Amino acid sequence: MTLLISTAQTCPLCQQTNGCAMEQGLGINACWCDKQAQHVPSVIAQYKATSTLPTLADNQCICQSCMAKLVQQFNIDPVETYLPSPEPES
């Protein structure tokens, strides 16, 4: 029997299941990302701002393992929120 995992349930960085509770029909408070000390969208924004690796959609979930790797890579403080610099006006 083959278990099919949707794209929304797959981490785009490692291609493993991302463990998103919302994709399983549960609330955000049941998800691993809601229990992180780091602001998950800020970690992803830092990755997107500095990486040439796979592009992440703004609402794409990553897995807990990749999240931990990104936190280490960017040396992120638990309460840090990242706001990218605004684009210069033309």
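Helices (H or I, at least four residues) and strands (E, at least two) are DSSP runs, numbered from the N terminus. This is a predicted model, in which local features need pLDDT of at least 70 and side-chain atom pairs count only at pLDDT 80 or more, while totals for chains, interfaces and linings use all residues. Residues are numbered from 1 along each chain as its sequence is written, and side-chain values use heavy atoms, with hydrogens and water left out.

**Figure 1. The whole chain.** The chain has two helices and zero strands. Of its 90 residues, 28% are buried; buried means under 20% relative accessible area, exposed over 50%, and partly exposed in between (1.4 Å probe, protein chains only). The accessible surface is about 6500 Å², and carbon and sulfur atoms hold 54% of that surface. Accessible areas come from the Shrake-Rupley method with a 1.4 Å probe; for residues, only the protein chains shown count as cover. Among the contacts in the chain with a separation of 6 or more, 62% are between residues 24 or more positions apart. Contact means heavy atoms within 4.5 Å.

**Figure 2. The crossing of helix α1 and helix α2.** Two packed helices are described by the angle between their axes and the distance between the axes. Here the axes of α1 (residues 40-50) and α2 (residues 64-74) come within 10 Å and cross at roughly 65 degrees. Axes are lines fitted to C-alpha atoms, for helices over the stretch in contact, and angles run from 0 to 180 degrees between N-to-C directions. The crossing of α1 and α2 is left-handed, a term used if the near helix is turned anticlockwise from the far one by less than a right angle (right-handed if clockwise).

**Figure 3. The residues between the two helices.** In the contact of α1 with α2, Val40, Val43, Gln46, Tyr47 and Thr50 come from α1, and Met67, Leu70, Val71 and Phe74 come from α2. Seven of the contact residues are nonpolar, two are polar and none is charged. Ala, Val, Leu, Ile, Met, Phe, Trp, Tyr, Cys and Pro count as nonpolar, Asp, Glu, Lys and Arg as charged, and the others, Gly among them, as polar. The buried residues of α1 are Val40, Ser42, Val43, Ile44, Gln46 and Tyr47, and they pack against α2.

**Figure 4. The two sides of helix α2.** Cys66, Met67, Leu70, Val71 and Phe74 are the buried residues of α2. They lie on the same side of α2 because they cover an arc of only 140 degrees around the axis; the arc is that of the directions from the helix axis to the C-beta atoms. Helix α1 is part of what covers the buried residues of α2. Lys69 and Gln72 are exposed on the other side of α2. Just after α2, Asn75 has a positive phi of about 50 degrees.

**Figure 5. Cys20 and its contacts.** Cys20 is in the segment before α1. With a relative accessible area of 6%, Cys20 is buried. Apart from neighbours within four places in sequence, Cys20 is in contact with Cys31 and Cys61. Cys20 and Cys61 are 41 residues apart in sequence, and their C-alpha atoms are 7.0 Å apart in space.

**Figure 6. Ala30 in the segment before α1.** Ala30 is found in the segment before α1 and is partly exposed, at 41% relative accessibility. Ala30 and Cys20 are ten residues apart in sequence, with 8.9 Å between their C-alpha atoms. Apart from neighbours within four places in sequence, Ala30 is in contact with Ala21 and Lys35.

**Figure 7. The backbone at Gln15.** Most residues other than glycine have a negative phi. Gln15 is not a glycine, yet has a positive phi of about 70 degrees. Gln15 is in the segment before α1. At 53% relative accessibility, Gln15 is exposed.
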